[in-house]
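Walk through this model step by step. Keep the sequence and the coordinates open side by side.

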Amino acid sequence: MTSDIWKLSAVDIAAGVRAGTFTAVEATQSALQRLEAVNPLINAIVDYNPERSLARAAEVDAMILAGRDPGPLAGVPVTIKVTNDEAGFATTFGVVAYKNNIAAENGPVVDNLERAGAVSIGRSNMPSFGVRWFTTSRLYPDNYNPFDKGITPGGSSGGAASAVASGIGAIAHGTDIGGSVRYPAYACGVHGLRPTLGRVPNYNPSLPERGISGQLMSVSGPLARTIDDLRLAFEAMAQPDPRDPWYAPVPLKGPDVPRRVALSLRPDGLDTQDAIVEALLDAAERLRDAGWQVDEIDTIPPLKEAGEAQVKLWLSEDFDGTLAAAEADGDPGVIAMLRGQEKLARSIGLPELHGLLKTRATLARKWQMFFQDYPILLMPNSAELPFPFNEDLKDAEAYLRVWDAQLPQLGIPFLALPGLSVATGMKGRSPVGVQLIAARFREDLLLDAGADIAARGGPAVPVDPR
């Protein structure tokens, strides 16, 4: 039945549209019906235009009737995070002051998805300024996890993860500076890829010049319910665009390497919860079953140092402007986060900046050498299961615990490495999963290993919000 198209994977939707089993318009109608049915329960989508989405889907159908190839994502419904320009919609970053920041043109990611045949069906929720692992703001309603309203959907791509987990689109766009794709994917029981810095073209013509930190380090990546869908979306997003001068035209598939994986249960002394250790050991067995060699190791290159350096480099970029904008916005979660990291952010002068850049080169070299021995690292996304909703606002101790638990995600962007969050199952009502890391531009290895893990079980998605 066409009413159930929303349940299908992106691969199956594109195949069905191309084969004439159903039309792109029917696929879009099904996705919009699902959006209207479940979004009021989770607030994953904050803006959408059904007429526009259906008109775009009709264009895909017209191309097929004319004998033209609409692209690998033919008719696939996707969602776009409010960090990225989509013509006619506000690029808000979840901030009240930017609610009327209407984009006049698409950014590269949206253009690339549309060129691949995708149909945008909505704009996804995020926390103010994108600086929390919880998706709340003064601009939009609180975003909830479809598995359990009492736990975070993650952040900052919480809307993206909860949308795709509940069947609102087969693919979601997200962005990641310190875990903002990987953590929401982990929290919502789906898969999420942070590509290598420079892999996916990044540019937003409408972006205000001040008040949003970290954009020079932001990377767009896909979230999806299957690894095959993730691969399809990544390949579409990663097409070149001249508007990004730092885009790197590197082949999407690299040379063959030994199928060796290093398993780190407690990277850099992380206090990993037993449930996460169990998930990691289970993922290691799945990889072994698929023919990978997996060795548990005690020591990896420095990660804690990289994580602290990432926070410094990220938040020191116009910290005063960001703090002033956050205080004007009045969101307590963002203010608490910035005040909590103020000492680190303000510790950067010109000499310290030069030192950080040297540190990045030193650490990146150590990690590149590590990947010569082990092409993939298997480690936690977080030291804990998804946090209770707004746990970081509970008290100072809880705030620090939340940040300490996220070390495995924070350090990776500083090193410009790709990371993949793979959903592996459930622990009670909470999704659980693992993280894979590889050398720069080796997303293909992550997706290959991730597919072998995911093929052996995971959360039942799409899920009806509870």
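**From an aromatic cluster to the sheet**

Y183 and F387 are both buried. This is a predicted model. The ring centres of Y183 and F387 lie 5.7 Å apart, with their planes at 35 degrees, so this pair is tilted. Y183 sits in helix α6 (residues 182-188), while F387 sits in the loop between β9 and α14, so the pair ties together parts that are 204 residues apart in sequence. Ring pairs extend the picture: F134, Y183, Y186 and F387 are linked into a cluster.

The model has 10 aromatic pairs. Another of them joins Y144 and F389: the ring centres are 5.4 Å apart and the planes stand at 35 degrees, so this pair is tilted. Y144 belongs to the loop between β3 and α5 (158-165), and F389 to the loop between β9 and α14 (396-405), so the contact ties together parts that are 245 residues apart in sequence. Y144 is buried, because its relative accessible area is 18% and the cut-off is under 20%.

Stay in the loop between β9 and α14, where N381 is also found. Is N381 buried or exposed? Its relative accessibility is 0%, so N381 counts as buried. Q406 is 25 residues from N381 in sequence, yet the two C-alpha atoms are 7.1 Å apart in space.

Now step back to the sheet. In what order do its strands lie? The open sheet has 11 strands, ordered β1-β3-β2-β4-β6-β5-β10-β11-β9-β7-β8, with mixed pairing. Its edges are β1 (45-47) and β8 (293-296), each of which pairs on one side only. From one strand to the next, the twist averages 30 degrees. Strands of a sheet pair through backbone hydrogen bonds, either parallel or antiparallel. Strands β9 (residues 376-379) and β11 (residues 430-438) run antiparallel and are joined by four bridges. Across that pairing, L377 stands opposite I437 of β11. Helix α15 (residues 407-414) packs on the sheet, where it touches β4 (171-176), β5 (191-194), β9 and β11. The direction of α15 makes about 30 degrees with that of β11.

Look at V76: not counting residues up to four places away in sequence, V76 touches A10, I13, A14, G117, A118, V119, A170 and I171.

Finish at strand β3 (residues 119-124), the place of S120. S120 has a relative accessible area of 12%, so it is buried. What joins its side chain to that of E86? The link between S120 and E86 is a polar contact of 2.7 Å. Beyond four places in sequence, S120 touches S53, V78, I80 and E86.

Key. Residues are numbered from 1 along each chain as its sequence is written. This is a predicted model: local features need pLDDT of at least 70, side-chain atom pairs count only at pLDDT 80 or more; totals for chains, interfaces and linings use all residues. Side-chain values use heavy atoms; hydrogens and water are left out. Two strands pair if DSSP finds at least two bridges between them. Helices (H or I, at least four residues) and strands (E, at least two) are DSSP runs, numbered from the N terminus. Axes are lines fitted to C-alpha atoms, for helices over the stretch in contact, and angles run from 0 to 180 degrees between N-to-C directions. Contact means heavy atoms within 4.5 Å. Buried means under 20% relative accessible area, exposed over 50%, partly exposed in between (1.4 Å probe, protein chains only). A polar contact is a pair of N or O atoms within 3.5 Å; within protein, one must be able to donate a hydrogen and the other to accept it, and residues adjacent in sequence count only if both atoms are side-chain atoms. Rings of Phe, Tyr and Trp (its six-membered ring) pair if their centres lie within 6.5 Å; planes under 30 degrees apart count as stacked, over 60 as edge-to-face and the rest as tilted.
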